[in-house]
Amino acid sequence: MSLLTHLLACLFGMGSWVSINGLWVELPLIVPKIPEGWYLPSYLSVLIQMANIGPLFVTLMHHFRPGALNEVAVIYVIIALGTVASFLLGFFWKETVVVAGAPRSVSLLVLTFFLAAVDCTSSVTFLPFMMRLKPQYLTTYYIGEGVSGLLPAIVALIQGVGVVHCINSTQSLNQTLNQTLNNSSSALTFELSAQYQPANFSAEVFFFFLSAMMLVCLVAFLLLNYHPTVAREHPNGRYTNGVKEKSKKNRKWVEQKPMMEPYRPTNQRRKSSFGTGAYSWMQVSYIFVILAWVNALTNVVLPSVQSYSCMPYGNNAYHLSATMSAVSNPLACFIALFFPIRSLLFMGALTVIGSGIGAYIMGMAVLSPCPLLVNDSSGDVIIVLAWIIFILTLSYVKVIIGVILRDEGHSALVWCGAVVQLGSLLGAVTMFPLVSVYNYFSSGDPCNTKCP
């Protein structure tokens, strides 16, 4: 295997969700300076789901007009769009326009929609493109996808996003002691107030960083298409690009089984019409249901309550859980690179374990601001470990499903990306009203909440 190809596949995968992930971690700096305030996360959730029109269009085109959509051209367009949109955010994210008599961050919302469309569409275009390379490089792509969450989180930590210090504040309360004599005294009460520390560099610099990362992804994609070293890593040793793929001969190659696998007999009877026929329709449904469930949990459901589950334990617990869970994603992909266990039973067991840990995290979020062991240091350790194991197990499941579906052909990977987005959509539809409409979760005051 080529080390250069591994690096390019990783950088290519990194561009898949780096923009939206970066926007989320930058919220503590953005929110105080825009009129939408902390309603912005709710608006972002809606915009991201609206952006699923991109993957829906690609999936329908693939189903009804197979081969008509130039996959490589689409990838060039969405990466370029992501690069430009991130760059423009650095200039216009604070600009407001009066709409219905109130100032609104129209430019921020519109550019965010374009970024969301880019990242959502990458799920149904980037993965199928990886069919052109040997199966080992798909796992490297997933490592890059994990880095797309890790890298913005690390830069945000260096920037000092969301660092809160509790400081003493004094309030003067006039209390009447004797109404008949109109004598009053002033009593002083002391309490702590949360104060966000200034960032080490501005949000504008951070958005330019995101734009640079998208540009790196674009360069990596160019080299994956045209570098001779990468061309030798195609399963059939042929050069393949978007133009040549239009031919009937190459289109048939894209859909065929990519490599002879030692664990799959060549004379095995087809169990279904899906892909190579290695799995029955019951097994295919089982794989896709797990894929939707895992992505709903890891992409939307649990991240939407991460602050509620961790902040009661302190800022250190919150930042440590956010950072270590971001590290866990590429770590799971790295483990899968060397230990790709494709057992459906093992996949189900890991899903049950990860879901059980996710249930504990959700329980702590529901109990916020006074979850279990909130006054004990062991509570901090448990919640951080819970987030690490949750992301580690379910990220491994996602990679293994991707590896399995890669062996079933190009169409299987397109449907893989579509189901990923469907799972995220269902998770958002479920969590949005609970978090933003009914205010089911309570964060409490990070400095003054007292728990028994």
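The model is predicted, and local features need pLDDT of at least 70, side-chain atom pairs count only at pLDDT 80 or more, and totals for chains, interfaces and linings use all residues. Residues are numbered from 1 along each chain as its sequence is written, and side-chain values use heavy atoms, with hydrogens and water left out.

The protein contains 17 helices and four strands. These elements are DSSP runs numbered from the N terminus: helices are H or I with at least four residues, and strands are E with at least two. Of the 452 residues, 50% count as buried. Buried means under 20% relative accessible area, exposed means over 50%, and partly exposed lies in between (1.4 Å probe, protein chains only). The accessible surface comes to about 21,100 Å², and 67% of it belongs to carbon and sulfur atoms. Areas were computed by the Shrake-Rupley method with a 1.4 Å probe; for residues, only the protein chains shown count as cover.

The largest nonpolar core has 115 residues. Such a core is a set of buried Ala, Val, Leu, Ile, Met, Phe, Trp, Tyr and Cys residues joined through side-chain atoms within 4.5 Å. Helix 16 supplies the largest share of this core, 16 residues. The residues with the most contacts inside the core include Phe-12, Ile-79, Val-305 and Phe-390. Beyond its neighbours within four places in sequence, Val-305 is in contact with Met-362, Ala-365, Met-431, Val-435 and Phe-441.

Thr-393 lies in helix 16 and counts as buried at 11% relative accessibility. Leaving aside neighbours within four places, Thr-393 is in contact with Leu-350 and Gly-354. Its C-alpha atom is 9.8 Å from that of Val-294, 99 residues away along the chain. Ser-148 lies in helix 8 (residues 136-159). Ser-148 is buried, at 1% relative accessibility.

A search of the whole structure finds two salt bridges. The criterion is a side-chain nitrogen of Lys or Arg within 4 Å of a carboxyl oxygen of Asp or Glu. Lys-94 and Glu-204 form one, at 3.7 Å from N to O. Lys-94 lies in the loop between helix 6 (71-92) and strand 1, and Glu-204 in helix 9 (residues 203-226), so the pair ties together parts 110 residues apart in sequence. Lys-94 is partly exposed, at 42% relative accessibility. Arg-342 forms a salt bridge with Asp-407, with the closest N and O atoms 2.4 Å apart. Arg-342 lies in the loop between helix 14 (315-338) and helix 15, and Asp-407 in the loop between helix 16 and helix 17 (410-437), 65 residues apart. Arg-342 is partly exposed at 22%, whereas Asp-407 is buried at 2%.

Most residues other than glycine have a negative phi, and most peptide bonds are trans. A cis bond joins Ser-368 and Pro-369, with omega about 15°. Pro-369 sits in the loop between helix 15 (344-367) and helix 16 (377-406). Leu-373 lies in the loop between helix 15 and helix 16. Leu-373 has a positive phi near 55° and is partly exposed, with a relative accessible area of 38%. Ala-100 has a positive phi of about 55°. Ala-100 lies in the loop between strand 1 (97-99) and strand 2 (102-104), and is exposed at 83%.

Technical notes
Contact = heavy atoms within 4.5 Å.
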